[in-house]
Amino acid sequence: MTLLGHDRYCDEIVGQTAMLRSHLAGADLSATVPTCPDWTLRQLAVHVGEAHRWSEHIVRTRATKNVPVEQVADFDGPEDDDPAALDTWLAEGAEKAAEAFRAAGAKAAAWSWAWEHSAGFWARRMTQETVIHRADAAIAAGVTYEVAPELAADAIDEWLQIVRFAQEKYPDDAARELRGAGRSIHLHATDAEPGLDAEWLIEFDDKGIDWRRGHEKATVALRGPLTEVLLAFYRRLPLDGGQLEVLGERELLDFWLERATFG
C-alpha cells in the first residue's frame with residue numbers, strides 16, 4: 001500500500017469535485033441515484049459538500065472530539081434548488097477543505113472516527129469520498145465515469161482498512177462476520193500498468209481480515225478492468241456487469257459484498 005501524498009490528496013479534493021460538478025451540470029437533480037436509492041442527485045451532492053465542510057472544520061479548529069455537523073457553517077447547502085448555487089457551494093467547500101488540510105500539514109492532529117487522527121487522514125478520506133460518490137453521480141446522470149488508476153487502487157486499499165477497522169471497533173457491524181480461516185478473495189485488475197501492482201489478496205482469519213498486494217491464488221477471484229473492479233467492490237456495479245469475471249466460489253464474494261457495508 002502506497003499513499004499518494006498529502007498535496008496530491010488536497011489537489012484531488014478540488015479536482016474530483018470539479019468532475020462531480022460536471023456530472024451534475026444539466027442533469028435532473030431530483031432524479032433518484034440508483035446506487036444510493038435513498039438520495040436524489042441533489043441530496044448526493046449536498047452529502048459530499050457537507051462532508052467537505054465538516055472535515056474542514058475539524059482540521060481547521062484542531063478538534064479533539066466529534067463535532068456535530070449542525071455546528072458547521074453553511075453545512076446544508078443552498079436554501080433553494082438553483083443548480084448554479086449548488087455548483088458554487090460545492091466548489092467553495094472543496095476549495096476550503098483542500099486549503100485547510102494543506103495549511104495544517106498531513107501530521108497535524110485532528111479528531112477522526114478512524115485509526116488515524118490527523119489532517120492527512122481527512123485529506124485522503126475526502127478524496128476517496130468524492131471519488132466514489134462521483135461514480136454515483138455519473139451513473140445517475142448517465143455519463144462516463146473514469147478515474148486515475150492510482151486513485152482507484154488507493155480507494156481499494158482504504159476500503160480494506162475501513163472494513164478491518166470496523167471489525168475491530170464496532171461489535172455490531174456486519175463486517176465482523178467476515179472471518180473464518182482458510183478463505184480468501186483475490187482482486188485482479190487486468191488493465192493496470194505492472195508498476196501499480198493492482199492486485200490484492202484478502203485473507204480471512206478467526207479475528208477478521210488481512211490483506212496485501214500481489215498475485216496469489218484464492219478461494220474466489222474478481223478480475224476485470226481496475227475501474228470496474230473498484231466499482232464492484234464498492235457495490236456500485238453488479239458482478240455480472242461489464243467486463244468482470246468471477247472465478248471460484250462466488251458465494252464468498254457475495255458474502256463479502258453483503259457485509260462490507262460500514263458507513
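The second largest pocket is lined by Leu3, Gly5, His6, Tyr9, Ala106, Trp115, Glu116, Gly120, Phe121, Arg124 and Gln161. Two elements, α1 (6-24) and α4 (119-141), each give two or more residues to this lining, and α4 gives the most, with 3 residues. Helices (H or I, at least four residues) and strands (E, at least two) are DSSP runs, numbered from the N terminus. A pocket is an open set of points on a 1 Å grid over the protein atoms alone, where a 1.4 Å probe fits, with protein on both sides within 12 Å along at least five of seven lines; lining residues have an atom within 4 Å of a point.

The model is predicted: local features need pLDDT of at least 70 and side-chain atom pairs pLDDT 80 or more, while totals for chains, interfaces and linings use all residues. Residues are numbered from 1 along each chain as its sequence is written, and side-chain values use heavy atoms, without hydrogens and water.

The lining of the second largest pocket divides into 5 nonpolar, 4 polar and 2 charged residues. Here Ala, Val, Leu, Ile, Met, Phe, Trp, Tyr, Cys and Pro count as nonpolar, Asp, Glu, Lys and Arg as charged, and the others, Gly among them, as polar.

Elsewhere, Gly241 sits in the loop between α6 (226-233) and β7 (245-248). Gly241 has a relative accessible area of 15% and is buried, a term for values under 20% (1.4 Å probe, protein chains only). From Gly241 to Glu228 the C-alpha distance is 8.8 Å, with the two 13 residues apart in sequence.

Cys10 is also buried, at 0% relative accessible area.

Conventions
Buried means under 20% relative accessible area, exposed over 50%, partly exposed in between (1.4 Å probe, protein chains only).
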